[in-house]
Amino acid sequence: MKNNAKIFAHRGVSGHYPENTMAAFQAALEAGADGIELDVQIAKDGKLVIIHDETVDRTTNGTGCIKDLTYDEIMQLDAGGWFAAANAGETIPELETVFQWAIRDGNGLMINVELKNDRIEYQGLEEKVIELIQRYGLEDRVILSSFNAESLKRVREVHPALQTGYLITGVPEDAMRVAKKIGADSIHCEEAFALSEYGREARRAGFPLRVYTVNDETRSDFLAKAGVEVIMTDFPERFLKN
Ligand code: G3P
Ligand code: MG
């Protein structure tokens, strides 16, 4: 199967491995994906941790809010057993661990860091993530995205050039206007937006469209023809097979 869209593993290869774990990210590298998407939040002690939900309840054997737990407490939790017995022992990674892995030889993956601050406004999240990106020299490989427009505006204030993607759900008519206003350079959207008149307009105006979450590989050619730059999927191997 041929397609021109790049393939990003959504929360890593989350169809086959526990989401947002090193096992899921390593599987993306081994599958030949172009990038990974992950979600970041701040623990009680200020550490940047990779998890989708605001609590550890669904994806670990523990309970509680990320903001109320230290990383020492979080790292004790089993973040794999909920998915499959074979994955027991996986832990919630720090963002820094992913960056250390990303700069190893042979790893050129793009990293879409979603700032998970649409429900909880983590103070200083943008600055902390940007400092880490700079420390690891990953400015050209990281794309910062968020559903929180104010957060992306903050990113742009702190750093003039980092790639930013305004995350939307559905087909909002003002997406491009908001993206322009906050200085975002791409729109991360669902398939319906990419195929809508608003999506076409945004693409013509120069906003790359990165689509989440597509698991049906038969949509691949269609989305590529529609000019979609990136497809985020839980099953990258479906899109990468020839
Ligand atoms: O970043 C794309 C996608 O991950 C946004 O939704 O809920 O999977 O983080 P969610
Ligand atoms: Mg996400």
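**Reading salt bridges, phi angles and a metal site**

Q: How should I class Glu127: buried, partly exposed or exposed?
A: Glu127 has a relative accessibility of 28%, so it counts as partly exposed, since that class lies between 20% and 50%. Keep in mind that this is a predicted model.

Q: Which residue forms a salt bridge with Glu127?
A: Look for a Lys or Arg side-chain nitrogen within 4 Å of a carboxyl oxygen. Here Arg154 is the partner, with the closest N and O atoms 2.6 Å apart. Arg154 sits in helix α5 and Glu127 in helix α4, so the pair ties together parts that are 27 residues apart in sequence. Arg154 is partly exposed too, at 33%.

Q: What separates Glu150 and Lys153 along helix α5?
A: They are three residues apart, which puts about one helical turn between them. Their side chains meet in a salt bridge, 3.9 Å from N to O. Glu150 is exposed at 54%, while Lys153 is partly exposed at 34%.

Q: What is the phi of Arg11?
A: The general idea first: most residues other than glycine have a negative phi. Arg11 has a positive phi of about 60°. Arg11 lies in the loop between β1 and α1 and is buried at 16%. Arg11 also joins Glu19, Asp53 and Arg58 in a network of salt bridges. Asn20, in the loop between β1 and α1, has a positive phi near 55° and is buried at 2%.

Q: Which residues coordinate the magnesium ion (ligand 2)?
A: Read the donor atoms: Glu37 (OE), Asp39 (OD) and Glu114 (OE), at 2.0 to 2.2 Å. Their spacing in sequence is E-x1-D-x74-E, and both Glu37 and Asp39 are buried.

Note on methods:
Residues are numbered from 1 along each chain as its sequence is written. Chains are lettered from A and ligands numbered from 1 in the order in which they are written. This is a predicted model: local features need pLDDT of at least 70, side-chain atom pairs count only at pLDDT 80 or more; totals for chains, interfaces and linings use all residues. Side-chain values use heavy atoms; hydrogens and water are left out. Helices (H or I, at least four residues) and strands (E, at least two) are DSSP runs, numbered from the N terminus. Buried means under 20% relative accessible area, exposed over 50%, partly exposed in between (1.4 Å probe, protein chains only). Donors are N, O and S atoms within 2.8 Å of the metal (3.2 Å for Na, K and Ca); water is not among the atoms, so sites may look incomplete.
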